[in-house]
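User: Hi! Could you walk me through this structure with a few questions and answers?

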Amino acid sequence: MNRAWIELNAEALENNLRNYQNQLPTGMKVMAVVKANDYGHGAKAIAPQLERLGIDFFAVAALNEALELRECGIRSEILILGYTDPSYFGTLADYNLTQTVTGPESAAALEAYCRLSGRKVKVHVAVDTGMHRIGYLPEQMEEIAKLYASDALAVTGIYSHLCVADTEEEEHVEFSLKQIDTYRKVIDTLEAKGLKLGCRHLLASYPAVNYQEHPYDYARLGVLLMGVISSPKDYLKNDLHLQPVMQLKAHITAVREIGEGESVSYGRIFRAERPTKVASVAIGYADGLPRCLSTKLRAIVNGNYVPQIGRICMDQLMLDVTDIPEVRVGDVATFIGREGDCVIYAEELAEKAGTITNEFICRLGSRLEGRTFTR
Ligand SMILES: *Cc1c(COP(=O)(O)O)cnc(C)c1O
């Protein structure tokens, strides 16, 4: 019996992908960003499903994430957005992975490996258009051109990333347009030199909605493809009618009645003000429901909302089920998802935890079972 698990909805995933594709400019394809175990959803389940739906390019943050995709049979191109230690450059070639070069130093190390080994590693060049995280600066155009000319490695693409594309604020719109313009100038200058740049990509989930008049070859879609928004404050120009792909559930493992004045859980912060029926659930902060949400959470049990009471423990938490008639050991408590007329969104939990939905869902624990499609 599962204790706590994630259920995935294949229809929601397909809906989100198709709705996105329908509103992207023609010719613009989707690169699925499935880093951090696909934002907690389970890359091993989601990526093969996306590949069946026609996705031919995936992006991850790290080499081990890329290898996991190959292990579960992904044949598409895989771009590693982050750092790979030089001792693993051979693995990049072994598994036909594409590595981001973050600047001249990163390029030099990889080029040296390729020259020595005689193996060609595929790379995409990152361009820093203003986020100032990674990438060649626009002034380093000559260095990018040199890299394209190198016969040691294979430069198959060039990309950048926008950092304030999820708001409507004038200052941020101006900044995004400046980033877009900087990227365009880099692309135009390199193409004017006669270079074949390969795969050009700039827009992630939010910019692919808000700035789609600047399309290029791929949109790199992560969070919105999973049907969750980062934060309720975010701006999206069009409604994509996205549906959440993930539900988070756990089993009720014990039910007991306690008297008025009795307490529940560590620290005794919950005191019963009436005779109270307490249900214990097999999920805790080790599974990704942060302890700071103690007494702020709610769940759906048998079609009713119920409040969580007392401190959240590492592996368990308690619900007040006094007001619902039939609660038995083995019943299911839903923390993210829909049951009858009740629904709890991941966004609600993230907001209560003081963070964005991306962080909340990507921290859902490795101990959770499931992460497979149910229907
Ligand atoms: C994480 C990431 C993405 C995906 O971002 P979303 O907002 O989740 O769509 C795209 N590009 C880069 C470089 C990233 O790091």
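User: Happy to start with a helix: in which one is E170 found?

Analyst: Keep in mind that this is a predicted model. E170 has a relative accessible area of 66%, and exposed means over 50%, so E170 is exposed. Its place in the chain is within residues 170-192, which form helix α8.

User: Which residues gather with E170 in a patch of negative charge?

Analyst: The patch lies on the surface, and E170 is itself exposed. Gathered there with E170 are E169, E171 and E174.

User: Thanks! Is D287 buried or exposed, and what salt bridge does D287 form with R367?

Analyst: Side chains of opposite charge can pair when their charged atoms come close. D287 has 0% relative accessibility and buried means under 20%, so D287 counts as buried, while R367, at 36%, counts as partly exposed. The side chains of D287 and R367 meet in a salt bridge with an N to O distance of 3.0 Å.

User: How many residues apart are D287 and R367?

Analyst: D287 sits in the loop between β13 (276-281) and β14 (298-301). R367 belongs to the loop between α11 (357-362) and β19 (369-373). The pair links distant parts of the chain, 80 residues apart.

User: And what is the distance in the salt bridge of R328 and E326?

Analyst: R328 is exposed at 52% relative accessible area, whereas E326, at 48%, counts as partly exposed. Their side chains meet in a salt bridge, and the N to O distance is 2.7 Å.

Key: Residues are numbered from 1 along each chain as its sequence is written. This is a predicted model: local features need pLDDT of at least 70, side-chain atom pairs count only at pLDDT 80 or more; totals for chains, interfaces and linings use all residues. Side-chain values use heavy atoms; hydrogens and water are left out. Patches are made of residues with over 30% relative accessible area and no salt bridge: like charges are joined within 9 Å, nonpolar side chains (Val, Leu, Ile, Met, Phe, Trp, Tyr) within 5 Å. Accessible areas come from the Shrake-Rupley method with a 1.4 Å probe; for residues, only the protein chains shown count as cover. A salt bridge is a side-chain nitrogen of Lys or Arg within 4 Å of a carboxyl oxygen of Asp or Glu. Lys and Arg count as positive and Asp and Glu as negative; His and the chain ends are not counted. The place of a charge is taken as NZ of Lys, CZ of Arg, CG of Asp or CD of Glu. Helices (H or I, at least four residues) and strands (E, at least two) are DSSP runs, numbered from the N terminus. Buried means under 20% relative accessible area, exposed over 50%, partly exposed in between (1.4 Å probe, protein chains only).
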